Amino acid sequence: MAMGLNTMITTRFFAREYLSVRTSEVLVISQTLKAQLDRLLKMHIPLAELVGFEVMCQEAILKYPGISYAMVVDLDGKILFHHDPSHHTRILTKDIMSAAFKKDEGRLRKTTIAGEELYDFFLPVYDSRDDLIAFIRTGFPVNHITGKIWKLIGYSAATTIISFVVSSLLLIGLLYHWVSKPVASFIEDIKRIRHEWPSKKEHYIETPSKDEIWQLASAFNHMLNELQLSTVSKQYMDYILENMLNSLIITDRNYKIRTVNQETLNLLGYSRDELLGRPITEILEISLEDAMGSTGSYSAVKAIESGYLAKEGKSIPVLFSSSVLRGSKNEEQGYICVAQDITEIKTLRGFIPICSACKKIRDDKGYWNQVERYITMHSQAQFSHGICPT
């Protein structure tokens, strides 16, 4: 755009200056012819009786190839002398001559002769009594100026294109060397760290330069160091959660399961992928209000008897607790649910009808069973018999 604007300004300036130069040139030619004509007129020879002035017009044309014509016309528009004798005695049109009479000095104007557009210059000729008797007329084609302008535009356009191509190639090369190549290396290092993380203890991005890429790499390396420390803490917490003896389930605000520990999977018989994303209501035997409390004014739910539904449909009695998971700005992010399997405790809990004499226990169907048989059926305990000293 800059070079295009420069070309436009340059061509306009060039056209004006070149036209001025060409005008000065035809002025010099016309004044030279006028000086020669004045010398003849001072000899008191009538203008119409002069002989051989066409030769002077022809010499002017030969000396200045850019000039289209040189001639002398009287006040009636009749051509008295012309570099081409075939135009002798030809009469010019009134509009051309009327333009010449408007000033008594040399004047340049555009005109059209035989379909060709020309710059026409008129210079007045006076006799010994200072009476206007004729005009010296010279001219050059307009396309002589426009041709030079288009040639200048062509050179400027070629220079612009070459400069654009060279600068583009140079810019591409510099961008590749200073930007694309370091960024590609940066990305490869990130991929390497991604595959090695977190098994490898030390991670860093290498960059040989000291530019913005280096600053980015330095900031990234600093972030890696901090992330390495936080990852150690996270792994430590993950180990704790995975080795808990109680079931742990973390849900989002919509009660969909986000995290479970291994004890939960062992208890319910699900895989981790089968539980993640499912609503916790699918495995709870109590309502959400009882399990999670009121989200408006929440108070933690602690150790209430409930049940989890295992994958095969079996109900597992648990002691259930829950609390709200809050973020750094105390915003509610989800729920933490902890459950303890109380299957063995639950089996022998409640009133047991036992015979005060023989110690047999009555089951739900009304049958009396030995203590050993009843406890074995309702727990995992096994008996070994012996005889006490008493």
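Buried here means under 20% relative accessible area. The model shown in these views is predicted.

**View 1. Overview of the chain, with its helices and strands.** The chain holds ten helices and twelve strands. Of its 390 residues, 31% are buried. Among contacts with a separation of 6 or more, 44% link residues 24 or more positions apart. The accessible surface of the chain is about 25400 Å². Carbon and sulfur atoms account for 58% of that surface.

**View 2. Helix H2 (residues 53-63) and its buried residues.** Phe53, Glu54, Cys57, Ala60 and Ile61 are the buried residues of H2. They span an arc of only 115° around the axis, so they lie on the same side of the helix. Leu62 and Lys63 sit on the other side of H2, and both are exposed. What do the buried residues of H2 pack against? Their partners are helix H1 (2-41) and the strands E1 and E2.

**View 3. Strand E1 (residues 69-74), a mostly covered strand.** Six of the six residues of E1 are buried. Tyr69, Met71 and Val73 point one way from the strand. Ala70, Val72 and Asp74 point the other way. Both sets are buried. E1 also takes part in the packing of H2, whose buried residues pack against it.

**View 4. The pairing of E1 with strands E2 and E5.** E1 and strand E5 (residues 132-141) run antiparallel and are joined by six bridges. E1 and E2 make a hairpin, with four residues between them. Glycine 77 lies in the turn and has a positive phi of about 90°.

**View 5. Strand E4 (residues 116-126) and its hairpin with E3.** E4 is mostly covered, with eight of its eleven residues buried. Strand E3 (residues 107-113) pairs with E4 over seven bridges, in the antiparallel sense. Isoleucine 113 stands opposite glutamate 116 in E4. Two residues lie between the strands of this hairpin. Which residue in the hairpin takes a positive phi? Alanine 114 does, with a value near 55°.

**View 6. The hairpin of E4 and E5.** Nine bridges join E4 to E5, and the two strands run antiparallel. Phenylalanine 122 stands opposite arginine 137 in E5. The hairpin has five residues between its strands. Aspartate 130 in the turn shows a positive phi of about 60°. E5 is also bridged to E1.

**View 7. An open sheet of five strands.** The strand order is E7-E6-E10-E9-E8, with antiparallel pairing. Strand E7 (257-260) and strand E8 (301-309) are the edge strands, and each pairs on one side only. Neighbouring strands of the sheet are turned by 30° against each other on average, direction ignored.

View 8. Leucine 309 has serine 315 in E9 as its bridge partner.

Definitions and conventions:
Residues numbered from 1 in each chain as written. Predicted model: local features only at pLDDT ≥ 70, side-chain atom pairs only at ≥ 80, totals over all residues. Heavy atoms only, no water. Buried < 20%, exposed > 50% of the residue type's maximum accessible area, 1.4 Å probe, protein only. Pairing = 2+ DSSP bridges. Arc of directions from axis to C-beta. Contact = heavy atoms within 4.5 Å. Axes fitted to C-alpha atoms, helices over the stretch in contact; angles between N-to-C directions. Areas by Shrake-Rupley, 256 points an atom, 1.4 Å probe, with all protein chains shown as cover.
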